[in-house]
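May I ask you to bring the structure up on your screens before we begin?

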There are 2 protein chains.
Amino acid sequence: MCFALYAASRALTDVYRPILDEHGLTYPQYLVLLVLWERDDDAPTVSELGAALRLDSGTLSPLLKRLEAAGLVVRTRSAADERRVEVGLTGQGRALRERMGDVPRRVATATGLTEAELVFLHGILTRVTETIHRQKEQ
Amino acid sequence: MCFALYAASRALTDVYRPILDEHGLTYPQYLVLLVLWERDDDAPTVSELGAALRLDSGTLSPLLKRLEAAGLVVRTRSAADERRVEVGLTGQGRALRERMGDVPRRVATATGLTEAELVFLHGILTRVTETIHRQKEQ
DNA sequence: CGCAATCAAGTTGTGCGCAACTTATCGGGC
DNA sequence: GCCCGATAAGTTGCGCACAACTTGATTGCG
């Protein structure tokens with residue numbers, strides 16, 4: 001089962017790769033943008049992004065630097081708390097949202113699963129993830 | 001669904017990490033050993049290992065070097081075809097098999113899923129992986 | 001036979017993912 | 001007001017993954 005999960009995860013990023021490559025993005029970078037698009041004009045901090053994606057600053061800091069260099073994102077020190085860095089979208093970052101609107105459907109098609117199977121799989125995987133993380137916090 | 005798969009895969013390696021760490025292994029290294037244990041006194045080539053795990057030589061070459069440095073594996077140029085390198089187990093590598101016999105059960109428990117759910121999940125994930133790879137070859 | 005195309009493994013470079021550590025800021029107790 | 005523990009982000013180091021390339025061996029076609 002465990003190898004199946006590992007293999008499926010890598011196979012899926014194989015599907016994403018050529019699609020995201022059209023926009024010069026990697027899969028983790030795309031995930032960050034998905035979070036930002038959802039919370040537009042909210043500008044989460046690096047920690048909040050990390051909580052949403054379960055990634056730490058060691059992964060996010062360089063990734064966000066690359067997104068900033070690509071002109072999709074801006075990082076600004078919070079005025080209220082100088083420790084925090086807020087991550088906001090640029091106009092270019094917002095514009096990308098529409099151009100990538102069809103990505104989820106293209107990927108879903110490539111999996112060859114039915115809508116019902118996708119929903120079921122989502123449920124069971126989310127449950128596994130949460131079970132594991134709940135155990136870790138104890 | 002896609003983030004769920006990505007997150008679940010990483011959560012599962014979080015479960016493996018402390019367990020494998022007791023033996024000084026990483027998860028991909030453990031997967032290589034699983035293949036070798038299954039095919040004992042067969043000594044697959046690097047390519048055959050790659051086909052089994054869907055990893056290329058760029059990933060496997062340095063990984064196998066580390067397993068060799070740990071004394072678990074030996075790499076030998078094939079006499080019949082000097083291009084090939086056969087990967088065999090050392091005595092120490094074989095001995096590790098027994099000591100790690102309980103690993104799968106410990107991990108399965110940590111997922112919090114029932115036996116039936118694990119079987120079902122395995123089936124659906126394997127199908128996704130194969131669907132994706134079949135499409136790529138066309 | 002000779003040589004061009006193919007193939008196996010390894011190398012290089014980039015980007016995660018995570019542990020361990022560093023730096024700078026913040027907040028609470030005295 | 002000051003210090004001490006906690007917190008946020010960043011840095012360093014290591015091990016995958018994967019693309020692109022290199023090196024050396026092999027195969028097959030003329």
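First, some conventions. This is a predicted model, in which local features need pLDDT of at least 70, side-chain atom pairs count only at pLDDT 80 or more, and totals for chains, interfaces and linings use all residues. Residues are numbered from 1 along each chain as its sequence is written, chains are lettered from A and ligands numbered from 1 in the order in which they are written, and side-chain values use heavy atoms, with hydrogens and water left out.

Let us start with chain A. Chain A contains 7 helices and 2 strands; these are DSSP runs, numbered from the N terminus, with helices being H or I of at least four residues and strands being E of at least two. Read from the N terminus, the order of elements is α-α-α-α-β-β-α-α-α. The C-alpha trace of chain A spans about 45 × 40 × 20 Å along its principal axes.

We turn now to the domains. Chain A is assigned domain 1 (1-96) and domain 2 (103-138), with bounds that come from an automatic or database domain assignment. Over C-alpha atoms, the centres of these two domains of chain A are 19 Å apart.

How many residues of domain 1 of chain A are in contact with domain 2 of chain A? There are 8, and they touch 9 residues of domain 2 of chain A, where contact means heavy atoms within 4.5 Å. Together the two domains of chain A bury about 760 Å², with carbon and sulfur atoms giving 74% of that area. Buried area here is the accessible area (1.4 Å probe) that two parts lose on being put together, summed over both. On the side of domain 1 of chain A, the residues that lose the most area to domain 2 of chain A are A:Val15, A:Ile19 and A:Arg54, together 51% of what that side buries.

The rule finds 1 salt bridge across this interface between domain 1 and domain 2 of chain A. A salt bridge is a side-chain nitrogen of Lys or Arg within 4 Å of a carboxyl oxygen of Asp or Glu. A:Arg106 and A:Glu22 form a salt bridge, and their closest N and O atoms are 3.2 Å apart. Helix 1 (residues 2-21) of chain A gives the most to the side of domain 1 of chain A that touches domain 2 of chain A, with 5 residues.

Finally, the two chains. A rotation of 180 degrees, with 0.0 Å of shift along its axis, superposes chain A on chain B with an RMSD of 0.0 Å. The two copies are thus related as by a two-fold rotation axis. Within chain A, A:Ser9 has the C-alpha nearest the axis, at 3.3 Å from it. The superposition is by least squares on the C-alpha atoms of residues with pLDDT of at least 70 in both copies.

In this pairing, 44 residues of chain A are in contact with 44 residues of chain B. Since 100% of the interface residues of chain A are also interface residues in chain B, the copies meet through the same surface. Chain A and chain B bury about 4000 Å² between them, 72% of it on carbon and sulfur atoms. In chain A, the residues losing the most area to chain B are A:Met1, A:Tyr6 and A:Ile132, together 15% of what that side buries.

Between chain A and chain B the count is 2 salt bridges. B:Arg127 and A:Glu117 meet through their side chains in a salt bridge of 2.3 Å, N to O. Thank you for your attention.
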